[in-house]
Amino acid sequence: MKNERRLRIMTAEGELRGLMDDELFTFKGIPYAAPPVGALRWRPPQPVAPWQTLRDATAWGDASWQNRDYCVAAGGGDPGRFSEDCLYLNVWTPDVEPVTPLPVMVWLHGGGFSIGAGSLDPYRGKALAAQGVVVVTLNYRLGHFGFFAHPALDAQYPPGKVVNNFALLDQIAALQWIQRNIPAFGGDRHNVTLFGESSGARSVLSLCCSPLAEGLFHKGIVQSAYSLPDVPHKQAQQTGLQVAAHFNLAADASAEQLRALPADSFWPLERPLALGPVAISGDAVLPRPMLDTFMAGKQHRVPLMIGSNSDEASVLDYFGVDARSVLQQLRSKSRLSYRLLKWLYDIHDDSLLGRAVARDMAFTVMPLLVAQSQHSIGMPAWRYWFDYVSENARHLYPHGTWHGNEIPYVFNTLATLPPPGDWHYSASDIAFAGRVSAWWVAFARDASEFSHRLRLDGEPDWPVWRPGEDLTLAFGHDGKAESVLKARFMRGRLRLFRLMMRSHVKL
């Protein structure tokens, strides 16, 4: 049994006491920046005040303000207590004194930048860490606290230094904390993998484009990033003015008046007063839109793994969007495109066709765009397609893997999570989760800018994506728990969507 002394870790800010979870060291609720409250609301994260006595790190930190019911229903569970004071992270490590420093995997949770927390059950890092990596999850500012523009706030910055993407700055501050402190937890500060799903995946891509994040991570995994465009700064500023007016503040309201608004008054706001689920382009954190940066080949030179799921259109179901409306919008713009889609998909039911088209326009095209961009700058990318549904739940998921359903496979948490229905995970499901999780660890451990393929015993070698071969690794095949390589996957339709996406994908 590992002794109490080794549960005490000295960081740059002070000493922490963690706990043991079987043979894993776990540290929870570590502050990585000062509480962004009062005068620090809508400010870049500031350094943590050092502490002199032993600090307990055995309880989760508070999550950012959000809609609890929404998070329980769609975000992965109950995020716990809410507060503006939410900048905390959690660490799982198998060894605080390894012979060789361990790869580090940093998880950015999804939730449309409006819900979620690093402490949610599907994100527990125990099973990943048991494979020889250090896992970090974190909370960051959400909703209006995470993304906000207003003339009074913008006026506080010198020209060219305006900040609106506070959530992205929080993530950068967490990465800076990792550079300072992760060696004390056994981690390699020179091998940091940033991975995330949905808005967490968009965060990974945004940080690949942020000049403020360069050098803080060394590779990225992008799970189900959507193709919606970033919000231009001018549009975000107009929304900020509308939010102020909603709270009966004049157009020339001061920054002090805005910061005096109650913390719990923002999360109930809905469109058109809500921002997201994307970042704001045009500030010091994200000077240009993320998609524009990738299409110009100006992203940071880091290896990427990127993919999506077979029924991402499940997001439409949750928000009550009729898949037929996607086709109607497209058909009204171009009957030729509509006929071409029917031919490409060979689907003649408009509801099913709309579902497939919405999935591919919003999600499936992104891995191809990013892989092409990576190839253009000589950086490796591995493209995947997740199409496995738990054996006993296929009647609930007739169209494939829902948005977010790959997460417990990635974290290998199926065995510890209760199924979301009156059924159980099979032995095959749990075994497959172990294999999927091992691929993610292999990427974190082995991928570099010089890699040509990833290898896992008993699995096909996974080559770097190249235009000629256009190989995609499918996780799940014909309902079986296996991984297979697919050549030229959806090539024709995705080429079409690359041309169409700017005019057809709307917030």
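Start by selecting Arg359 and Asp360: both are buried. This is a predicted model. The two residues form a salt bridge with each other, and their closest N and O atoms are 2.7 Å apart.

**Salt bridges**

How many salt bridges does the structure hold? There are 20. Side chains of opposite charge can pair when their charged atoms come close.

Go next to Asp22 and Lys126. They form a salt bridge, with 2.5 Å between the closest N and O atoms. Colour by secondary structure here. Asp22 sits in the loop between strand E3 (19-21) and strand E4 (24-31), while Lys126 belongs to helix H2, so this pair ties together parts that are 104 residues apart in sequence. Are the two partners buried or exposed? Asp22 counts as exposed because its relative accessibility is 55%. Lys126, at 27%, counts as partly exposed.

Now select Asp230 and Arg202. Their salt bridge has its closest N and O atoms 2.8 Å apart. Asp230 lies in the loop between strand E10 (219-223) and strand E11 (231-232), and Arg202 lies in helix H6 (residues 199-207), so the bridge ties together parts that are 28 residues apart in sequence. Asp230 has a relative accessible area of 8%, so it is buried. Arg202 is buried too, with a relative accessibility of 2%.

Salt bridges that share partners join Asp21, Asp22 and Lys126 into one network.

**The second largest pocket**

Colour the lining by residue type: six residues are nonpolar, four are polar and five are charged.

**His109**

Select His109. Where is it found? His109 is in the loop between strand E7 (102-108) and helix H2 (126-129). Its relative accessibility is 1%, so His109 counts as buried. Show what surrounds it. Apart from neighbours within four places in sequence, the contacts of His109 include Ile115, Gly116, Ala117, Gly118 and Tyr123. Also among them are Leu138, Tyr140 and Leu142, along with Glu197, Ser199 and Gly200.

**Strands E9 and E10**

Select Glu197 and Gln223: Glu197 stands opposite Gln223 in E10. Strand E9 (residues 187-197) and E10 run parallel and are joined by five bridges.

Stay on E10 and show its side chains. E10 is mostly covered, with five of its five residues buried. Inspect each face in turn. Lys219, Ile221 and Gln223 lie on one side, Gly220 and Val222 on the other, and all are buried. In a regular strand the side chains alternate between the two faces of the sheet.

**A three-stranded sheet**

Finish at strands E1, E2 and E5. These three strands form an open sheet in the order E1-E2-E5, with mixed pairing. Strand E1 (8-10) and strand E5 (55-56) stand at the edges; each has a single partner strand, so one side of each is left without a neighbour in the sheet. Zoom in on E1 and strand E2 (residues 15-17). They pair in the antiparallel sense over three bridges. Last, select Arg8 and Arg17: Arg8 stands opposite Arg17 in E2.

Notes: Residues numbered from 1 in each chain as written. Predicted model: local features only at pLDDT ≥ 70, side-chain atom pairs only at ≥ 80, totals over all residues. Heavy atoms only, no water. Helix = DSSP H or I, 4+ residues; strand = E, 2+ residues; numbered from the N terminus. Buried < 20%, exposed > 50% of the residue type's maximum accessible area, 1.4 Å probe, protein only. Contact = heavy atoms within 4.5 Å. Salt bridge = Lys/Arg side-chain N within 4 Å of Asp/Glu carboxyl O. Nonpolar A, V, L, I, M, F, W, Y, C, P; charged D, E, K, R; others polar. Pairing = 2+ DSSP bridges.
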